[in-house]
Amino acid sequence: MKRLLATALLLASLVAAPLPAQQSGRLVIEAGRIVTQAGPDIENGRIVIDGGRITAVGKAEEVEKPWDATVIGGKEFVAVPGFVEAHTSQGMDRANENIDVAPFLDIRDSIDPVAYFFEDCLRLGITTVNVQQGANCVVGGRGMVVRPVGMTVEEMAVRPLFGLKLSTRPKGGKSRATQMQALRFAFEDLKLYLEGLVEKERDDAGYAKREALFQGRDLEAEAAQGRAMSGNAWKVDGLELVPRGALDERYAPLLELLEGRYTAFVHCGDPLDVVHALEVVRAQGILARTVLVIESDCWKAADRIAEAGVPVILEGGLLDVQRDPITGEEVETFVPRVLQEKGIRFALSSEDPNTRAPAYQAALAVAYGMERTAALDAVTRVPAEILGLGDEVGSLERGKLGNVLLCSGDPLSVAGWVEHVVIEGRLVYERAKDVRNKHLLEGVQPLGTAPPTSAEAGEDPEHEHEKKADEDKGGSEKDAGDEQKEKEDGGR
Amino acid sequence: MSLALLALALAGGEPSAPREGVLQIQAAEIWTSGGERIQDGLLLVEDGRVRAVSKGKQPDPGLPLVRHAGVVTAGLIGLRSQAGAGGELQDDTRSVLPEAHAVHAFDPSHPDVARALAAGITALELAPGPGNVVGGLACVVKTSGGRVLTSEASLALSLTSAALGRSTGPSFFVFGAGEAQAQPDGGPESSERTPRGNREPTSYAGALALLRRSFAAGEGPFARARRGDLAVTIEAWDRHEVLRAVELARELGLAGAVRGAPLAGDPALVQALKESKLGVIVGPYSSGQTRPSLESVKTLAAAGIPVAFALGDPARSPQGLRLSAARALRAGAPAAAVWKALTEDAAKLAGVGASLGTLAAGREADFVLWSGDPLDLQSRVAAVYVDGRRAWPAQGH
Amino acid sequence: MLAGLLLSLPTPTLPSLQAQSSGAADSERIAIRAERLILRPGQELTKATLLLERGVVVRVGQDLPIPEGVRVVEGAVACAGFVDPWSSLGLDPDSVGDLGASAATRSIDALDPWLVPAERREALLAGVTSARVQIARGALIAGIGALVQTSERSEPQIVREDACLAGSVGVSRGGRAGDIFDRAGEVDRLVGALEKGKRYRESQVDFRKELETWTKAIAEKLAELEKDFKKAKKDREKDEKDAKEKGKEFKDKKYKEDKKPRRPRFDPDDEALARAVDGELPLVVEVHRASEIRRLLDRTAGFERLRLVLAGATEALAFAEELVERRIPVILWPTPMGTSRPDEYEAHDLSLAGALAREGVQVLIGSGGGGDAQELRLLAALAVGHGMEPAAALAAITSAPAAVFDARDRLGTLEPGRSGDVLVFDGDPLDTRATLRAVVSRGEVVFP
Amino acid sequence: MLLLLAPLLVTPSPGDDDWTIQAATVHTVSGAPIENGFVRVQGGKIAAVGKGGGGATLECAAVTPGLIDLALGIDTGPLSVEQSSETAARLRASEGLDLFSYRWERALRSGITTALAQPADYDVIGGLGLVLKTGGAPTLAARLVKPEACLRGAFGAQPSNGNSIPRFQEPQSFYFRRPTTRMGVEWVFRKAFHDTLQGQGEDDPATAADHAVLRRVLAGELPLVVQAKATQDVRTAIYLKEEFGIPRMVLDHAIEAWREPELLKRSGVAVILPPFTADGRHADGFVNDSYFLPLDAARKLHEWGVPFALSAHEGAGAGARLADQAAAAQRGGLPLAAALEAVTLTPARLLGVEARVGSLEAGKDADLVLWNGPPLQPTSRIIGVLLQGRLVLDPRSK
């Protein structure tokens, strides 16, 4: 707890003292190069942000500088759109509820504004974060999209009540068969519940009528307060008879999911999970609002994903390493390339802290032969679109939110550091003032700024566990190896 | 039932009193050494030994004769068996027990032995377990009459993780853990799955040092093994363990067999084994065996390396021996090689090649009357003879 | 590394079964010509031809004209593909080991086409063209088993997704079996579950009846109320008036009617159990000891529609007569190879299959739900080697499993309409020296 | 299959081993980088390195020497070290190797062509390490570079871990007569060297053999490679070096060596850095503690003139490759040239195998790494590997 407090203070210091720019709401960002992700890069460019939105982007000589605007940046900087974290289960004090079906949960209750994770987001240039529950429920709760600044969840909220988490990856104590059984039954149960409601509604009406007749009253018929469900695979006739208020809150969110109110984020651990996920969302008629959160192994089901036309968020390592148990031969697959070849829209997101940096992931993609722009799209444009924020963030264009990173040099190179982070026109991070960055870089340790333990940082224990579990899953290989070793040593 | 196939008959003429211990077997087919098959053969047995095997020869009317419509072969030999000995073959108190004799755990009256006999196995090799770097001396015994052919057939060594870092306390290692642990086929990591016991040695290097010291000390079994008077059987499963074993054998000039080696078919291993004086005892092939492992018999035979099947622990019916063979057969090994592995090579690797394994003049008269080709699992045992006497079904049945 | 590299080169004896894209075209029509064509165990034609079209057997005959351009597969002996009645082929291992399964848990959910295909390939190459696969091995109630055709494709070929309900009593879990009382208790728990399913079904039936009567009654009541409405209205006004005059507060008369019967809560597990009780699908119970077999037979005698199948059945011989009379088939795993599960050890009395068959019990031979599918044929041969009639042994891995799991019309025999699963040997199928020359699965030559 | 990047293992055939590699930049490490240069390979050796050239059989953006990792850690775990005694200087890691492990191939794919194999750190003095190639036939003969390259030791919590005073256990366990603290570990170390100098207990052949090895260490014939993670371990190691005048000492896994600039400079030890982590922390599994490694540790050592090597510590996995460590070190401010040296020539020198490997010079082994961009950058990847002239990862196959 003390640690958390310390973090809070630190974060406060990170959120730069209010600039005059924020009163007038005008900020000008100048950069030697602007990577817009919406057309060619701009040399010697200028960005004008007014009231949190970009009002102009272009060559310095073509974009006129408002007289009262604050100017940051300069020729030595490269301006990049703020990165978008398409899916994470971090930044919460607890990422999981250990019951099978918990759609009534709301992430807002567990988001921790001072979690180390959000501070780290700024350091890594992530300006929009989709926080969803961990994968340890069959049907999880509802998540939200936040900006990693603010002392309260309200301040952080970009899209409250956004998305609902499902998982076909067997949770602890379940196998594929039992996981699927539980998932199917969750919806079956909802249907039964709704049918029950309708029946009760009808019975009551019937009774009321008979009672009135008996008592010789004229029955004033009440108009139906409910409203019909629409656009789903299955219907419950007569549901319009049921007033919305009558719905048990334990069931309501699931119904809302079927009505298309939330995007379904379905966690898939391996190819079979993908098949199961698609089966379920098709059966429930929510394919159109489904995003698969996949681990590296799932590339094997790429054809199914492509056929279904759903976007995916690659959460595991970018490199999938598989070993043939018989020959011992290892085969490496660079997953983004497969997704690209199959024409699947994908965003990169990693729970592995050692590769979490979006810039690093994009760089890796380039190393394996992806176009620079495509690689950066996977951490900016595409995730923005997946989150339905395509018009708000993900690129530097007129009208979009002023989420801009100023980097010292090419952000994909070893020399490129995120120097300034601007979110909606507010300068929220300056590396020069980031004491912990200094600590990580040079080892100088200011008092009270020791990094919190992973638990405090709100990392999902489930995922931690995963890492230890599968040795052969690319990304977290090394960690897994060490953990393993230390375990048996510890046992000595 | 099997009697139906048997016809004890005396030829015509004035019956001359049959000599004691003499017997003639006339069979549709007799398998002798080197895969030779004699049609309409006649097998002459005297005083527990094979006198002659001849083709199309008329039986001597003066001697007792058994006519058999099927096939007659040498008895099968079950290697690395624990029939009737169970846990008695693994002593954890010390890593080096050169003078431990497996024969003292041999119980001729144990049902396991009878079951082996009924399965056409006429001789068993009882061997110390793989849990000790030097396990002791294996013996070869007959499955009928309780005769011990030799109580010092071979010296059992082990270079598997099963022998390393073992606990001298109540053993948490099931017998034959080497096997279990080698699944599937001693995949690259299986040697890393190892307990933390408190008994020296805990490492491969330590085990080698210990062995070198023991052989250097050079008396008893160690000296005989170095002189080549005593075969060794080295337990080794993972490929690197096998190479280590072969290297050790080369260094100390040992001959005998590697036991385990699921991936003996690996080119690197085949090469090394070829240059060594070692054969390979594979199996028993239990379920879920992968192809590379099943094909090793084929590969080894092709390379001219003697190979035989282990019988394994008591939880296995002795019928498993022929099933192992059938599996190897299915994986493409030539019938001749598989048969050799069941008899000739088995005898050789057990250190009793001179007296068992084939039907040739002078060899011990252990043979089996089969309803058909023994490599066809549909064929059944009609009768088993040990030391020239019918051992199964028991006389008078 | 060089070694690893050589290892990775394809072994000549191992034909690769990559499903050719032209597969469909190939499988349009195939003719199989054999010296001996085994239509079903004990019934065969010599020098006969078999015509497959679109994956199905269309014609069988001694001198069929072979149409132009049809791929012809020739060999000494041809028979139907083997059906392994006791397997976990292609199932995700966690699900196979999941003791948390319930009656409604479905094995097909655990069919993982992305598992290393080696096992399925080996099974195909060993002639096992279909298998009943079951999750939750060793669980008291192991859920719904499936009958699937062996395939390397990424979409499993399912013959019956609800081939049976499975369970086990008295088997060792985690290496040790319970004592005699636990084991008896397990029988009771299993039967108890069946009874629960039975009651569940009955309660549904009762509910429907009660609802009918209630609805009828209410309808009449309604009619009558409507008839009397005018009067009721008058009375009410009158009463109201009186009340006013008396300065008393007016109260409506209490209305009473029979409560609507409550609908029994839907329960997928009870539903599955009920289906088994009604004989919609067989109930396969792994049981070994005489004591449990005895108890199981007694306690289930009451369920007249239940289709019981025993698996393992180590000590079933003593009950042969009853098994015959109650038409209870038995699935054996006659392997000499031993197992970590003590209660199965004795099961490897290899003569059991023959003995039971001679008594007239319907015997099926399976691979015990382990990795043994590829040896199914060897196990059958071994059974013959221990006194089983060859025809019976062949039936035990072809027609019998097909019949028990309600796929008689699809698998197990070579007759028009059956799936084109054909094996071609260069000798008798059960002769372990004979080699499998060709494997045709669903009318497609998967090997060579 | 297009997407399968590895294994692209090419079977060698005669003549297969002669190549001319053309690269936009040839990083010789021993000398300045050569813009569009070439490397000619014949019979497994480097025949020539130079500018221009022609008749290239392979082309790529950059070529560097094969990488060298001194802490690859591909051992057979606990079975690689004899724990029945806390000092086993005479025993060889070569006798506990598993050359069939898939991890060798993995290391090779990640550009590591030469590695140091050592016993795992369960003893205070574990035994003799060897330098070998990561590829080739799975026999020592085929892979050996230097049979007895160093003596392995370990400070800190690991070698004492699991030892205890007898309690509820079989009293005969040899884990009862071993150190249980850092003090104990240090004491065992000192005793070993002290006894060696005194020649004590050498009537026991094993001890005599141990001492023979320690004498070679004292004579500077063998470098002493010791695990020294925490600050106190680093200090202890250096004190011992100075007390016994151990000429060549290498601190492995030296997470906190950067905290002791003076000692490092004074004592002339070399350092092997473990992988960098996201939060700089390295948890110690044996005591509830964690040590800190800043991103600029390599830069610091470089500036202080302390010889150091980078390592992936079993990071042959996709997660942390040696090349990534070099990239991380650069992010911490280390110049490219120094980073490259820290994964090639420096490690070679530390173990005295620089005559064969570590740089691109005529006559050295033809261990080459081919890159699709500037080397050791996150945006570049290793696309080809030659091991002694044999192409083990083919840049031409997609």
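Across the interface between domain 1 of chain D and domain 2 of chain D, the rule finds three salt bridges, a salt bridge being a side-chain nitrogen of Lys or Arg within 4 Å of a carboxyl oxygen of Asp or Glu. The model is a predicted one, in which local features need pLDDT of at least 70 and side-chain atom pairs count only at pLDDT 80 or more, while totals for chains, interfaces and linings use all residues. Residues are numbered from 1 along each chain as its sequence is written, chains are lettered from A and ligands numbered from 1 in the order in which they are written, and side-chain values use heavy atoms, with hydrogens and water left out.

## The two domains of chain D

In chain D, domain 1 comprises 1–66 + 359–398 and domain 2 comprises 67–357, with bounds that come from an automatic or database domain assignment. Contact between the two involves 28 residues of domain 1 of chain D and 27 residues of domain 2 of chain D, where contact means heavy atoms within 4.5 Å. Together the domains of chain D bury about 2,000 Å², and 67% of this area is on carbon and sulfur atoms; buried area is the accessible area (1.4 Å probe) that two parts lose on being put together, summed over both. V29(D), L376(D) and L387(D) supply 28% of the area that domain 1 of chain D buries against domain 2 of chain D, more than any other three residues.

The polar side of this interface includes eight residue pairs in polar contact, both residues being at pLDDT 80 or more. A polar contact is a pair of N or O atoms within 3.5 Å; within protein, one must be able to donate a hydrogen and the other to accept it, and residues adjacent in sequence count only if both atoms are side-chain atoms. On the side of domain 1 of chain D that touches domain 2 of chain D, β5 (58–65), β16 (368–371), β17 (382–387) and β18 (390–393) of chain D each supply at least two residues, and β17(D) gives the most, with four residues. Strands (E, at least two residues) and helices (H or I, at least four) are DSSP runs, numbered from the N terminus.

## Salt bridges

Over all chains, the structure holds 128 salt bridges. Two of them are set out below.

| E419(A) | R431(A) | 3.1 Å |

The salt bridge of E419(A) with R431(A) links distant parts of the chain, with E419(A) in strand β16 (residues 417–423) of chain A and R431(A) in the loop between β17 (426–430) and α13 (435–442) of chain A, 12 residues apart.

## The open sheet of chain A

Seven strands of chain A form an open sheet of mixed pairing, in the order β3-β2-β1-β4-β15-β16-β17; two strands pair if DSSP finds at least two bridges between them. Because β3 (53–59) and β17 of chain A stand at the edges with a single partner strand each, one side of each is left without a neighbour in the sheet. The twist from one strand to the next averages 35°, with axes being lines fitted to C-alpha atoms, for helices over the stretch in contact, and angles running from 0 to 180 degrees between N-to-C directions. Helix α3 (residues 116–124) of chain A packs on the sheet, touching β16 and β17 of chain A, and its direction makes about 110° with that of β16(A).

Within this sheet, strand β1 (residues 26–34) of chain A pairs with strand β4 (residues 70–81) of chain A in the parallel sense over seven bridges, and L27(A) stands opposite T70(A) in β4(A). By contrast, β4(A) and strand β15 (residues 404–408) of chain A run antiparallel and are joined by five bridges. V78(A) has C407(A) in β15(A) as its bridge partner, and F77(A) stands opposite S408(A) in β15(A).

## The barrel of chain B

Eight strands of chain B close into a barrel in the order β6-β7-β8-β9-β10-β11-β12-β13, again with mixed pairing, and the twist averages 35° from one strand to the next. Helix α4 (residues 220–227) of chain B packs on the sheet, where it touches β8, β9 (148–158) and β10 (231–236) of chain B, at about 90° to the direction of β9(B). Helix α5 (residues 239–252) of chain B lies across β10, β11 (256–260) and β12 (278–282) of chain B and runs at about 155° to β10(B).
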